[in-house]
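Subject: The structure I promised you

Hi,

Here is the structure I said I would pass on. Have a look around before you read my notes below.

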Amino acid sequence: MTDNLQPGSPDKEPASEEQAAQVTLGNTEQAEAATTPTAPHKRPTLGRLFLENLWAANTFTVTLLSLVLAMVVGAVLMIISDPKVLATYAYITARPSDAINASWTLVSEAYANLFKGSVFDPGATTLTAALSPISETLTYTAPLVFTGLSVALAFRGGLFNIGAQGQAIMGVVLAALAGFLLPLPYGLHLLVAVLAGALGGAVWGFIPGILKARTGAHEVINTIMLNYIAVYFLTWLIVQNGVQDPNRTDAISRPVDASAQLPRLFGEPLRAHAGILLAVLVTWAVAWLLNRSTLGFELRAVGANPDAARTAGISVTRTYVLVMVFAGALAGLGGSQMVLGTTAAALTPLVIAQIGFDGILVALLGRVKPWGVAMAALLFGALQAGGNRMQSYSGISLELVTVLQALIVIFIAAPALVKAIFQLRAARAARLQTSLAKGW
Amino acid sequence: MEPGEIHALLGENGAGKSTLMNVLYGLYQPDEGEILVDGKPLKLRGPSDAIAAGIGMVHQHFMLVPVFTVTENVMLGAEQVRGGIAGFLDRRRARREVAEVSERYNLRVDPDAMIEDLPVGVQQRVEIVKALTRDVDLLILDEPTAVLTPQETEDLLAVMRSLKAAGKSIVFITHKLGEVKAIADRITVIRRGKTVGTASPQASRDELAALMVGRTVRLTVDKTPATPGEPVLEVAGLVVDDDRQVRAVDGVDLTVRAGEVLGIAGVQGNGQTELIEAIMGLRPLLAGTVTLDGQRVDGWSTKKVLRAGVGYVPEDRSVDGLVKEFSVAENLVLDIYDRPPFGRGLSIRPDAIARSAKERIEQFDVRTSSAHAPVGTLSGGNQQKVIVARELSRPLKLFIAAQPTRGVDVGSIEFIHSRIIRERDVGTAVLVVSSELDEVIGLADRIAVMYRGRIIGIVGPETPREEIGLLMAGITPDPAGDAPATEGSDSATADVIPGGAATTDADEISSETATTDRAVTATTDGDTVSGGSTATTDRDVAATTDGVASGSEEPGSKDEKA
Amino acid sequence: MAVPDVAVAAVDEGYWTRTRKVGLVLLALGLLATVLFGALATGEQARFTLSEDAAGAALEINGTVGAILFGLITLAAGAAMLARLPKRWFIPMLAVGLVAFVLSFLCWQVSAAPTGQNFMPLVNIVRGTFLLALPLIFGSLAGVLCERSGVVNVAIEGQLLMGAFSGALFGSISGSVWVGLVAAAIGGSFISLLLAVFSIKYLVDQVVMGIVLNLLALGITGFLYERLMQTDAARYNSAPRFSNWEIPLLSDIPVLGPALFRGNIFLYLALLLVLVTHIALFRTRWGLRTRSVGEHPTAADTLGVKVLGLRYRNVILAGAIAGIGGASYTLALFSFTKNMIGGKGFIALAALIFGRWSPTGALLAALFFGFADQLATYLGAINSVIPGQFLAMLPYLATILAVAGLVGRVRAPAADGKPYIKG
């Protein structure tokens, strides 16, 4: 419970009737206390308890049901956008089985491909083919872990880092520059490139941090603005002499030297690379930082109650700056994966895709806890990898994955809604308190 | 309530005055009882019902939009419009109305001024204009003078008189005796949510104060005479502004010696908060010095002040004292998490923190399910014990406790008090700030009374409480005396016909002066230390014992008769 | 651009007044213009033609002379500010200084352009400015409506995109621009409705919700684009377009006439909406209540204003406006493509903030940003040494400076982003 995100002062507690009963910390405690005594007279079996808990609105159940809800909406989108299937609905009263069959075939095939592309393909004959979905999933997961952690760390420090995208861009820029400009030996080169990526992000995080600490300028606005400044910087940089690939006329940079590339995990055709190991390491490091370090203690105190932190002698402004620097460095590391890993070897205007914005969703889905974020990144990575297969095999475009991701987060952000839809019991872990609600 | 009557609702902080009036204005729903207007029961579902019934309210925290003009604020919710569906505001008409009302009751409000540019007193008059343009018959003023300067208070009382002359009824909520006597036709005293008596304004201050504060059970704080040593904290000429850049502390001099408790009494909002925050390095000093053990500490960071051996219990535990989401254990090390044995280098030692938490929880009798429970799940008293435990767990030179027992149960109060005295007895200088007079009297060896940013008197704890109560209301017993006396005499001047403070209520004041001369000393005089063996104080212990010795108890106190 | 460096330098002198700080910035800009632009400008005539090409009447000045002259004007404005200028002169003087700086810059650029291209067609520039500003105007108006009533609208991008998409889709299916226009408004308000429900009823953080809704809109429109519009463009992505309406008399005004009064319905609608919103916000009962709800909802509530109802209404209305803004692409200029708004929603957000949450301010900010955008295109065409990307950064930089209080204080409505909870 200590890990819950919560606004600093009690007057911000949600009070819509449904939520007040469920979301407020004190209330859930009481609700639980109230329900516990009634349990004994029913003499529950272990299995029954398990089922009851499963159907309680705890974090896991809400997440799972959000996924289910999102997939249902996704299925509806698939059906209404398929003229052939839609045609069967024209005579649904005459032959409902047609409509149902056609819809089922379409949806089940698509989601099967989503699974086959991300987890395991039963039809795989070689080891490589069997490992391929996992490898793809891990490839997409790695950068999301970093950007997710970036957003989560800032969130825990009471700041909303919408700027992971821009920080990742600055990270990828510096990592790439270090990757093809510096003539360094194997190993060292990679290390320098990775650190350069972190540095790029850190600088981009420092700016909103210092502005917040010094002038009180809202970090949400500034990070959004810096995202776009980073984009334009990248598109400008790519076409400069010495950066642009001399053999190309379009906007692409020279490729990163082999000595600065992250080694592959499963050998050549499979794309999974050491970035995922780094991601696990960094997740551990962030978990340590948050829970076991003095800085983490300060950060959490400032995030939860800046007034009390200040009264206890913690420098709130210093903490804000440090939080943003660390968050930026994490996002920068995430960005550096995009050129040092196997996704791309050179800078292009869209080299980092949406990893920064996805990081926001990942952080929220992971309840802003480090390992939760890693798990959420894994889910998003899997959706991405599976989405690729779904696109090529079922012709369901990759955007559906974006829709699913957004929907999942919308549902988990409003647990009261999920609870109402599925008639869940209230349970103590049922709160994702996203309402930092600070305004500008 | 009669038409054209000013009815004062008198009571201490937290006595339930504001809650009652919020019910009357439809903001809260009553659990029981009913409201009668013109003999008919009235059901208020919201403020609009109250307005329709002719009830207007000026809230303690003004309900004005700061970036709107006076006219816009007055119009809001009852706009005069032209142009049919488009609903263009008829500003001219509204402006005229504001000017008219302002003129009629002599409110002197500029219809075009921006609210945020206006001083508090004028903002309050805007609130009154707002109510008057809605044709209210009954106007509720919730602690209207709490935020006003003496001059503004006087203006307000004049306005109330002219409203009364116009036949409006006024409910005037306050805890300031002087104002009540100056203006009220009838007085109802409320304590702990119950009416404890009604009085006429002719009742003496002593009578009113007794009713208001109550005297039921005697609660004692066992303590031996203090053995004051060297001065530990010296504050000289301190000047501090509050958040709105208004002068809150205006030249305070204080000395706290090792082994004594200096209590600061005073009505909330007279600069106590800002004074303490300035000492702690939480608020910038505009002038003056703070010296700790001979060393200047003004300008130091809070961390440095704390590390220099100052313990601090902030007045609002949920805002400044605790991180509610943190566990009890974490809150117990909130200001020493980076010091051995809790922090080493960059890391914190959760085992050391947990171990020490277990000890503290036992020592300070904190009732919690575990050391890892979020502190927000604890009761108020136990939360407060967590803070006290934290601050008393390291060697201190100075211990500052602001409102140490606010919202805390009786058992915890006793415990916290005994710890404070124990801290004094080991030779720590202790500074206690409380708006509970009983608490200050019980704990302190010397009592400094703060009024409008100044210390207007330092007295011994054996001084009669009514007398300290008068000091808290800004009335110094020595009318011809020094600067603080004239500064603090606004309540007295309120009922003054031009002629000067000395003539006002002459008999009453002079009689009190006679009884208090021995104990009251000048501000700078620091050696009036209590010599009593066991100081005993009056404490009204919760509602359980309420009514034992109180005055006429009126049943159905929620009824308002018009 | 030298703006940030100079501004940061100025901020270090904390004891300076705002006027002086800005004066110092102007002084530095003026110096930069006089020395650098003056030196780099060529002796070619810089021609600002009052037409769409090199032909016709033109304002002309020698490049070097112009760059130095306008640079000196900026210098003078800066110096005046340093010398304790009366307060009422602050804004005019700032405007003079900045405009002169831009002119100096243009003199340099135009005169240094390749031979034969030493002209700047003003009609093109003005028209382009308005065209590029169009979605920004709609978007920032949507932001004004939302945020003035206390709901942060980061979802402008999504609302624009959804509007563009549904405008194109239903316009194509029905073959009617008007159906498309209505559909666009509904599409935009659909995203808005989600924002309203989740942030007002379920109290989800408004910024989080905005970000997620942007992604949702991106996903849904992208998905349906591939499934429907890609496969059968003729049926689903060939919406009819509004033609240009020439306004008699007004269209004959030099420069402004051809640039402004031969536009399409969206241009007129945008300008009209700015006017209507401005009047409604500051002159009507609805506006007074809206602003009170965004500033101090508790006060509004004690006076009988229905806080939540008003917020719902305004947020949904805002979505409709943004939706129409999206349609200004698909029902007038292009057919729908994936992610066609491409960040315009966020510039609209910047315009809203830079314009200090007022309709007219937002319009001016949108035009400024549109001008920067148009200038970038122009400079690209004349092979300028100034990279277009840096001009494209200008809106964002300007907003950061504004928020940090370097270019005057901007203040959001006090209750912006805070859910209102009764009791």
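**Chain A**

Of its 440 residues, 58% are buried. If you take the contacts in chain A between residues at least 6 apart in sequence, 75% of them join residues at least 24 apart.

**Chain B: one strand with two partners**

Now for the partners. Strands of a sheet pair through backbone hydrogen bonds, in either a parallel or an antiparallel way. Strand 22 of chain B shows you both. With strand 14 of chain B (residues 261-265) the pairing is parallel, over 4 bridges, and B:Ala448 is the bridge partner of B:Ile264. With strand 23 of chain B (residues 454-459) the pairing is antiparallel, over 5 bridges, and there B:Met450 has B:Ile455 as its bridge partner.

And here is the hairpin: strand 22 and strand 23 of chain B have 2 residues between them, and B:Arg452 takes a positive phi near 50°.

**Where chain B touches chain C**

How many residues does each chain put into this contact? Chain B gives 17 and chain C gives 16. On the chain B side, helix 2 (47-52), helix 3 (70-75) and strand 6 (88-89) each supply at least two residues. Helix 2 of chain B gives the most, with 3 residues. Sorted by class, the side of chain B that touches chain C has 12 nonpolar, 3 polar and 2 charged residues.

Chain C has an open sheet of 3 strands in the order 2-1-3, with mixed pairing. Why do strand 2 (58-62) and strand 3 (119-121) of chain C each have one side without a neighbour in the sheet? Because they stand at the edges, and each has a single partner strand. On average, neighbouring strands of this sheet are turned by 15° against each other, direction ignored.

Strand 1 (residues 45-49) and strand 3 of chain C run parallel and are joined by 3 bridges; C:Arg47 stands opposite C:Phe119. Helix 5 of chain C (residues 122-148) lies across these two strands, running at about 45° to strand 3.

The mean pLDDT of chain C is 86, and 95% of its residues reach 70 or more. Among its elements, helix 6 (residues 156-174) has the highest mean, 96, while helix 1 (residues 3-12) has the lowest, 32. Over residues 1-14 of chain C, pLDDT stays under 50, and the model has 16 contacts beyond four places in sequence for that stretch. Where pLDDT is low, the predicted coordinates should not be read in detail.

Notes. Residues numbered from 1 in each chain as written. Chains lettered and ligands numbered in written order. Predicted model: local features only at pLDDT ≥ 70, side-chain atom pairs only at ≥ 80, totals over all residues. Buried ≥ 20, exposed ≤ 12 C-beta atoms within 10 Å, placed from the backbone. Contact = placed C-beta atoms within 7 Å. Pairing = 2+ DSSP bridges. Nonpolar A, V, L, I, M, F, W, Y, C, P; charged D, E, K, R; others polar. Axes fitted to C-alpha atoms, helices over the stretch in contact; angles between N-to-C directions. pLDDT = per-residue confidence, 0-100.
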